[in-house]
Amino acid sequence: MLPATGAAGTSERGWGWGGGRAGPRLSAGARDVLRRALGVATGLAPPVPLEQIEVRASALSDRAREGLIRAVGAEHVDEDHRARVAHAAGQSYEDLVRLRGGDGRGAPDAVVAPGSREEVAAALAVCREEEVAVVPFGGGTSVVGGVEPGRGRFPAVVSLDLGRLDRLVALDERSLTATFEAGISGRRAEALLDARGLTLGHFPQSFEHATIGGYVATRSAGQASAGYGRVDDLVLGLRCATPAGEVRARPIPASAAGPSLVELIVGSEGALGVITEATLAVRRRPTARRYEGFSFASFEAGAEALRALAQAGAAPDVARLSDAGETSLALTQAAAGGGLGARALRRYLRLRGQRRPCLAIVGWEDVEGEVSRRGARSTRLLRAAGGLALGPRPGHAWARGRFEGPYLRDDLLDAGILVETFETATTWDRLAELHRSVGATLTGALAARGATPLIGCHVSHVYRSGASLYFTVLARQERGCELEQWRAAKVAASEAIVAGGGTITHHHAVGSVHLPWLSAEVGELGVEALRAVKARLDPTGIMNPGKLVPWEEGSSPEPARRELRG
């Protein structure tokens, strides 16, 4: 992605995840190993320069432009090429392929940056009156088309950049709650809390760029959500500006006053309105952290161990289990990058009879005594389930690199390698079969187009009733047909997920990418209920068209694209 400039642009992003800043890089040795394994030719496929990215002329009418200037100020309505490209897409593989190839034709007609709840409401009123679609934009980290500037039936679309709504509004240290404006980044929110000895404890891989509003709008899950809870567990109250007015849910610990308005807005993906403020539960900052590695002889054995932990009330705050493919890939890349410890670990596991080991990372964050107590109990259960203790070194390595994946993806794309992720969740009784069937389906779909993929998967979140599965896919790009290649694989995998009883998304949200499978999950009546809520809060349908709420039959303005997705 590209940095937004001018007053409306608040992102720091440049090409790729690093925003133009130096970040972790894939070692030359690791890149060569992957190229050989995937059959990728040598040579680089760098992105086109910014000035060569094609965008359409802005379709914003003079009346709409003048109204938005009255709402937020002239310096906060930006139709500059750079700002528009910076808000043209999220961070999915499809997004990056299009922009790296110079296709910014889906860019918004303008970037509008309100500075208060009142300005958000005023901007929505103008857009409703002038029939301009609105796409709320936080950190721009969506990987499911959530910030794609779809205009639906409207002649123009604006990206509503919330970066100026970046305040800590209130902090109640007695009740342990914090109220933030929606545009504040997770990183900055955490820094403000840390200064008071507190933490939200929400650390998704997008932590460096994602915002509080983005967390709430997508039902985000953090890497330590087994201990701290998903964001939907943390939201106590919120304010949401809609074209029909403001929805406000006061922060209270619990209520029996009918269906929850908080639950209605959490996960609404900007399709109902713009979340402007959220009150969340916080905790005292942990004074001790401990991360350790374990290895299991099979994915099934490791999953059984995590199930035992969750159902015994002994789940760590971080609980991750890589399958044999992901474990092998990680060890191979570490060794290729000069990691002598990775080679020694592989030899050790073979000596202990684990020819295809599955690595687990577990971690506890609390006060010192509680970390020791909880860690000891979890360790006993893991050993009893056949886990081989590897000590703290693998855990520390994971903690150091927990946010590096998106940076490394940029290097893989430069090398001509398809790299994408997706996730699901299901109950324990279906987990092993879903893991197997989705992996086999992906392999077959990519092989049918001439690629031999590397596929890894890990359990990223555990619950008493089940767990999530997070897949990573690497394959040789089909040059000239990159998007078609991935869409075919994604459709096949999504169909396998639905057939296997998994959710179409565990924490990435619906967006436009998962929309074709939403009715399979919530039913046709559920879809109709969503449409009814949207019709009341967004009567003209300007809010994030084509996301979360499925088009009525025959009403989609992009039928060809919908067919590509299944």
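A residue counts as partly exposed when its relative accessible area falls between the buried limit of under 20% and the exposed limit of over 50%. Arg373, with a relative accessible area of 47%, is therefore partly exposed. The structure discussed here is a predicted model. The protein contains 20 helices and 18 strands. Its radius of gyration is 23 Å, close to the 24 Å that the globule rule gives for 566 residues, so the protein is as compact as a globular protein of that length.

**Overall form and surface**

- Along the principal axes, the C-alpha atoms occupy a box of roughly 75 × 60 × 45 Å.
- Buried residues make up 56% of the 566 in the protein.
- Among contacts with a separation of 6 or more, 77% are between residues 24 or more positions apart.

**Charges and salt bridges**

- The protein carries 68 positive and 64 negative side chains, and the centres of these two sets are 7 Å apart.
- The whole structure holds 33 salt bridges.
- One of them joins Asp414 and Arg100, with an N to O distance of 2.5 Å. Asp414 belongs to helix α16 (residues 405-414) and Arg100 to helix α4 (residues 93-100), so this pair ties together parts that are 314 residues apart in sequence. Arg100 is buried, at a relative accessible area of 13%.
- Arg307 and Glu304 form a salt bridge whose closest N and O atoms are 2.8 Å apart. Because they are three residues apart in helix α11 (residues 299-311), about one helical turn separates them. Arg307 is partly exposed at 24% relative accessibility, and Glu304 is partly exposed at 41%.
- Arg373 forms a salt bridge with Glu370, with 2.7 Å between the closest N and O atoms. These two residues are three positions apart in helix α14 (residues 368-384), so about one helical turn lies between them. Glu370 is partly exposed, with a relative accessible area of 29%.
- Salt bridges with shared partners link Arg117, Glu118, Arg239, Glu246 and Glu277 into one network.

- Ala509, which is not a glycine, has a positive phi of about 85°. Ala509 sits in the loop between α18 (482-499) and α19 (518-537) and is buried, with a relative accessible area of 7%.
- Leu548, also a residue other than glycine, has a positive phi near 65°. Leu548 is located in the loop between α19 and α20 (559-564). With a relative accessible area of 9%, Leu548 is buried.

Notes: Residues are numbered from 1 along each chain as its sequence is written. This is a predicted model: local features need pLDDT of at least 70, side-chain atom pairs count only at pLDDT 80 or more; totals for chains, interfaces and linings use all residues. Side-chain values use heavy atoms; hydrogens and water are left out. Helices (H or I, at least four residues) and strands (E, at least two) are DSSP runs, numbered from the N terminus. Buried means under 20% relative accessible area, exposed over 50%, partly exposed in between (1.4 Å probe, protein chains only). The radius of gyration is taken over C-alpha atoms; the globule rule is 2.2 Å times the number of residues to the power 0.38. Contact means heavy atoms within 4.5 Å. Lys and Arg count as positive and Asp and Glu as negative; His and the chain ends are not counted. The place of a charge is taken as NZ of Lys, CZ of Arg, CG of Asp or CD of Glu. A salt bridge is a side-chain nitrogen of Lys or Arg within 4 Å of a carboxyl oxygen of Asp or Glu.
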